[in-house]
Amino acid sequence: MPKTFSKLSSSTFFFHFTLLFFSATSSGSFSNILSTKKFGLKREKLTHLHFYFHDIVSSRNPTAIPVASSASTNKSHTGFGVVMMADDPLTAAPDPNSKLVGKAQGIYASAAQDEVGLLMVMNLAFMEGKYNGSSLSLLGRNTVFSRVREMPIVGGSGLFRFARGYAQAKTQTLDLKTGNAVVEYNVYVFHY
């Protein structure tokens with residue numbers, strides 16, 4: 001046997017052989033058109049979700065904490081550069097003790113130097129009713145002091161698989177001293 005093969009283990013040889021075999025026999029295409037029926041996808045629905053987002057940064061048990069900042073963040077009037085990790089409760093009403101319907105889990109960061117503009121990267125993980133275990137992925141710009149902000153829903157899981165839509169956020173209360181906020185969310189999402 002040639003020296004190059006004698007040094008290969010049988011599992012390494014099998015891996016390389018399999019790789020060569022499938023690359024030689026594949027069509028060379030990286031995409032296929034699939035039937036939605038094959039995945040059990042039926043008619044697309046439009047769903048409206050309404051809940052309240054509680055961002056607690058100042059308390060014994062904060063739901064959002066800073067995980068990174070720059071040397072100039074404290075000098076910035078917008079907090080530019082701060083990155084927060086959140087596990088914020090989503091409730092059915094503005095009262096933080098109202099029914100918990102899910103959690104907003106992810107990151108938000110101050111991404112604007114001239115206004116308080118956040119980059120929001122959140123999973124809205126639901127834990128109530130028929131959407132229990134399903135989630136939506138939100139990715140967008142949140143200009144905190146605008147009356148109503150609109151952010152895209154870029155995907156989802158569970159009952160929200162293949163989701164797309166948008167979320168409208170409207171601040172209900174904001175304590176400028178503590179930074180704690182309650183934000184009303186109306187989410188409109190297409191999904192199967």
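This note comments on the fold, the core and a surface patch of a predicted model.

1. Basis. Local features need pLDDT of at least 70 and side-chain atom pairs pLDDT 80 or more, while totals for chains, interfaces and linings use all residues. Residues are numbered from 1 along each chain as its sequence is written, and side-chain values use heavy atoms, without hydrogens or water.

2. Fold. The protein chain has 2 helices and 9 strands, in the order α-α-β-β-β-β-β-β-β-β-β. These are DSSP runs (helices H or I, at least four residues; strands E, at least two), numbered from the N terminus.

3. Core. Of the 192 residues, 33% are buried (under 20% relative accessible area, 1.4 Å probe, protein chains only). The largest nonpolar core holds 31 residues; such a core is a set of buried Ala, Val, Leu, Ile, Met, Phe, Trp, Tyr and Cys residues joined through side-chain atoms within 4.5 Å. Among the members that touch the most others are Phe51, Met120 and Tyr185. Elements giving two or more residues to this core include strand 1 (45–55) and strand 9 (181–191).

4. Tyr185. Not counting residues up to four places away in sequence, its contacts include Leu49, Phe53, Asn142 and Gln168 (heavy atoms within 4.5 Å).

5. Surface patch. Ile65, Val67, Met85, Ile107, Leu119, Val121, Leu139 and Val154 make a nonpolar patch of about 630 Å². Patch residues have over 30% relative accessible area and no salt bridge, with nonpolar side chains (Val, Leu, Ile, Met, Phe, Trp, Tyr) joined within 5 Å; a salt bridge is a side-chain nitrogen of Lys or Arg within 4 Å of a carboxyl oxygen of Asp or Glu. Leu139, in strand 6, has a relative accessible area of 40%.

Terms used
Buried means under 20% relative accessible area, exposed over 50%, partly exposed in between (1.4 Å probe, protein chains only). Patches are made of residues with over 30% relative accessible area and no salt bridge: like charges are joined within 9 Å, nonpolar side chains (Val, Leu, Ile, Met, Phe, Trp, Tyr) within 5 Å. Accessible areas come from the Shrake-Rupley method with a 1.4 Å probe; for residues, only the protein chains shown count as cover.
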